Amino acid sequence: MARIAERAATSVPTVSKVLNGGTDVSEATRARVMQAAYELGYRRRPKLPAAVEDPHAASIVDVVLGHIGGSWMGPVLGGIEEEASVAGVDLVLTVARPDGGWVSRLLRRPTLGVIVVLVDVTAAQLHLLTTADIPVVVVDPSSRTPADVSSVGATNWDGGRMAAEHLLSAGHRRVGVVGGARSHLYSNARIDGFVTAMRGAGLDVPRERIAFSDWDRERARSAAAAMLTDGGEQPTAFFACSDFMAMGVYEAVANAGLRIPQDISVIGFDDVQESAWSTPPLTTIQQPMGAMGGAAFRMLHQARRSARPLSSSATRVDLETRLIRRESVAPAPADGRDARR
């Protein structure tokens, strides 16, 4: 702790407060202490046998969410809740606000473990939880997790590949790609799988036809509109890395006076409920969202029941994605030209 205090330019009592979830510490200091503990590989001393709490006494699992809204979150929470109900475990939901206070709250209360969903969590935050003997599972991590933290995701690269192969089978050769955030692993994996499949067919996806829209519908609309009006040969199809952004592509196509799928084909990713309600219904790559939530809970709960630290066998589980065929993909226009000409 003295070494952490020296590196973080603070005192040993302040370090102790941070590591034990104390509240009367500034966020800047808390962040420095967490980062120093992570860099120094801090590990809390094992408790004496007499002080060890019964791991079965706690009947709560904390679920930390990046946000509450959105159609993606519901199925994941449903999968977690279904497994928790069977196990007789209650859930506590916490929104990970930017101030990072959620970490301190978790350190101060008894919990079986933590499931993190759609949070841009730092390695230092995860490290502080695991050193406090709180097992953590991250659902669909946006960045690479530390070696002692398990995670559950989907086969994003394969999903991108399937999207490309479906468009290729329909004769599409000029495609636009609307990605999420540049820094998110799952967005980059989807794009990489898509581009690799296109290159395998002898086709290139120019850089100007790959846009990053930060999972925002309006930015996706603007990106697709720019590709449709750039003066060159317009795409005959779009791959959007989320169904929500695909709806933005739908708007751009309509605003350009074009039709889906007669003029432009669109394929999304996720298979949220609204994708089947769009006009026309959206072809998409399905993520097993409910199964991802359920798998995260089982990993956490089974580790506790076996009294075996999750960090000792941290794993990454990727569940299978699959193509959902609907009505937004059709054969490419025969002449391959702008449908308005």
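Visitor: Why is tryptophan 215 called partly exposed?

Guide: Glad you asked! Tryptophan 215 has a relative accessible area of 21%. Buried means under 20% relative accessible area, exposed means over 50%, and partly exposed is what lies in between, using a 1.4 Å probe and protein chains only. At 21%, tryptophan 215 is therefore partly exposed. A word on the source: this is a predicted model, where local features need pLDDT of at least 70, side-chain atom pairs count only at pLDDT 80 or more, and totals for chains, interfaces and linings use all residues. Residues are numbered from 1 along each chain as its sequence is written, and side-chain values use heavy atoms, with hydrogens and water left out.

Visitor: How do you know whether tyrosine 186 is buried or exposed?

Guide: Its relative accessibility is 9%, so tyrosine 186 counts as buried.

Visitor: The structure holds 2 aromatic pairs. What makes tyrosine 186 and tryptophan 215 a pair, and why is the pair called tilted?

Guide: Rings of Phe, Tyr and Trp (its six-membered ring) pair if their centres lie within 6.5 Å; planes under 30 degrees apart count as stacked, over 60 as edge-to-face and the rest as tilted. The centres of these two rings are 5.6 Å apart and their planes stand at 40°, so tyrosine 186 and tryptophan 215 make a tilted pair. Tyrosine 186 belongs to helix α8 (residues 185-200) and tryptophan 215 to the loop between β7 and α9, so the pair ties together parts 29 residues apart in sequence. Helices (H or I, at least four residues) and strands (E, at least two) are DSSP runs, numbered from the N terminus.

Visitor: And why are phenylalanine 194 and phenylalanine 239 called stacked?

Guide: Their ring centres are 4.8 Å apart with planes at 10°, so this pair is stacked. Phenylalanine 194 sits in helix α8 and phenylalanine 239 in strand β8 (residues 237-240), so parts 45 residues apart in sequence are tied together. Both phenylalanine 194 and phenylalanine 239 are buried.

Visitor: What makes arginine 190 lie over the face of phenylalanine 269?

Guide: A charge sits over a ring if NZ of Lys or CZ of Arg is within 6 Å of the ring centre and within 35 degrees of the ring normal. Arginine 190 lies over the face of phenylalanine 269, at 4.0 Å from the ring centre.

Visitor: Which residues does threonine 29 contact, leaving aside neighbours within four places in sequence?

Guide: Contact means heavy atoms within 4.5 Å. Threonine 29 is in contact with Thr10 and Thr14. Threonine 29 has its place in helix α3 (residues 27-39), and its relative accessible area is 13%, so threonine 29 is buried.

Visitor: What makes aspartate 140 and aspartate 214 worth a look?

Guide: Aspartate 140 has a positive phi of about 50° although it is not a glycine, and aspartate 214 has a positive phi of about 55°. At 4% relative accessibility aspartate 140 counts as buried, whereas aspartate 214, at 42%, counts as partly exposed.
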